[in-house]
Amino acid sequence: MRIACRLNWLALSALFVGVLGMGLTMSGCSQPSDKGKAPPQTKQQETPPQASTKPKEPGTEPAAKPAAAEPKVPLGLPPLPVPQDNPTTAEKVEPGNVLITNSIGMKMVLIPAGEFMMGSPEGEGGTLERPQHRVRITKPFYLGVYEVTQEQYEKVMGANPSEFLGPTRPVERVTWDGAVNFCRKLGQQEGKSYRLPTEAEWEYACRAGTTTQYGFGDDVSALGEYAWYNKNAKSTHPVGGKRANGWGLYDMHGNVREWCADWHAPGYYAVSPAEDPIGPDSGTTRVLRGGAWTDRPVVLRSGFRDCVKPVTRRSVSGFRAARTE
Ligand SMILES: [Ca+2]
């Protein structure tokens, strides 16, 4: 009898902990988000952030910021090699040094295969980001150097759903299906395999070899050098206006959150395969990463996971295209 009571008590405790855990994880995914609603000045035309600079074609000025100080090199990574628009150098690939430009002017960098610790350690982030686990990306892939711009989206889809208009601003108010359709259609046009990055590929590329909260380290005061977020933005900004991460990718933190291919499930990290995880088989929400112009610094962290229904349109939601090599 005593044993039976004790077992019942244990079962109830486990149930309580499970429910509590679920509550914590679920709350982690509904972010401050829908401040993504447009401020009063909706449908504004292009207004470059710096009056002195004309909107520039993404990628025409790969050296992001004024040639100020020596670029920071995250955690001992070698300095960024000079990008070469030449995919034939792929056999010598180092992160960030093989760059291609596709048929719509989209620049993509070859991300080599490799391993990283996905998720956040104890003391950082919430339960959604744990357990931190080792993930291996077994195949190289191309990833957009920039978020997909409105000009690029319009070239492929013939429409522009964005709130904050401007050819070199990221496309936003795009649904997950819209992003997937863009990739499929572009792939058909080029005979290539465009797609959204998986959540694992996205975080791998965002971390760029770092294990810190951001791709440039832990110093939140440096965030403004790399990202448009709630302290320095009142709308989206033209892509590539801040500094790149160690692998040559711009706006991985901030500007718009980026749709990933995966369904979202709070407990997925506990059961994720170690190689090329693609997320759960089904779900109701899709993953978004990187935080947006409306977000607090915590939301911009490399390990932060957001999710919303795939039909959701928000002026904080855009994407970056990937391409199987
Ligand atoms: Ca972004």
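Modeller: We start with a term. A residue is buried if 20 or more other C-beta atoms lie within 10 Å of its own. Keep that cut-off in mind, and remember that this is a predicted model.

Our part is helix 3, residues 176–190. Which of its residues are buried? They are Trp176, Gly178, Ala179, Phe182, Cys183 and Leu186. Look at the spacing along the chain. An α-helix has 3.6 residues a turn, so residues three or four places apart point the same way.

What do these buried residues pack against? Helix 2 is one partner. The others are strand 6 (194–195), strand 7 (257–263) and strand 8 (286–289).

Now check the length of helix 3. It has 15 residues, and at 1.5 Å a residue they should span 21 Å.

Next, turn to the partner helix. Helix 2 covers residues 150–157. It packs on helix 3 at an angle of about 65°. The two axes are 9 Å apart. Their crossing is left-handed. From helix 2 come Tyr153, Val156 and Met157. They meet Phe182, Lys185 and Leu186 in helix 3. Of the residues in this contact, five are nonpolar, one is charged and none is polar.

Go back to the loop between helix 2 and helix 3. Glycine 166 lies there. Is glycine 166 buried or exposed? It has 22 other C-beta atoms within 10 Å, so it counts as buried. Glycine 166 also lies 8.7 Å from histidine 237, C-alpha to C-alpha, though 71 residues separate the two in sequence.

Now move to the other end of helix 3. Just after it comes glycine 191, with a positive phi of about 70°.

Finally, step back to the whole chain. It has 325 residues, and 44% of them are buried. Six helices and eleven strands make up its secondary structure. Take the contacts with a separation of 6 or more: 71% of them join residues 24 or more positions apart.

How far can you trust the picture? The chain averages a pLDDT of 80, and 71% of the residues score at least 70. Residues 1–28 stay under 50. Residues 87–91 also stay under 50. Where pLDDT is low, the predicted coordinates should not be read in detail.

Definitions and conventions
Residues numbered from 1 in each chain as written. Predicted model: local features only at pLDDT ≥ 70, side-chain atom pairs only at ≥ 80, totals over all residues. Axes fitted to C-alpha atoms, helices over the stretch in contact; angles between N-to-C directions. Helix = DSSP H or I, 4+ residues; strand = E, 2+ residues; numbered from the N terminus. Left-handed = near helix turned anticlockwise from the far one by under 90°. Contact = placed C-beta atoms within 7 Å. Nonpolar A, V, L, I, M, F, W, Y, C, P; charged D, E, K, R; others polar. Expected span 1.5 Å × (residues − 1). Buried ≥ 20, exposed ≤ 12 C-beta atoms within 10 Å, placed from the backbone. pLDDT = per-residue confidence, 0-100.
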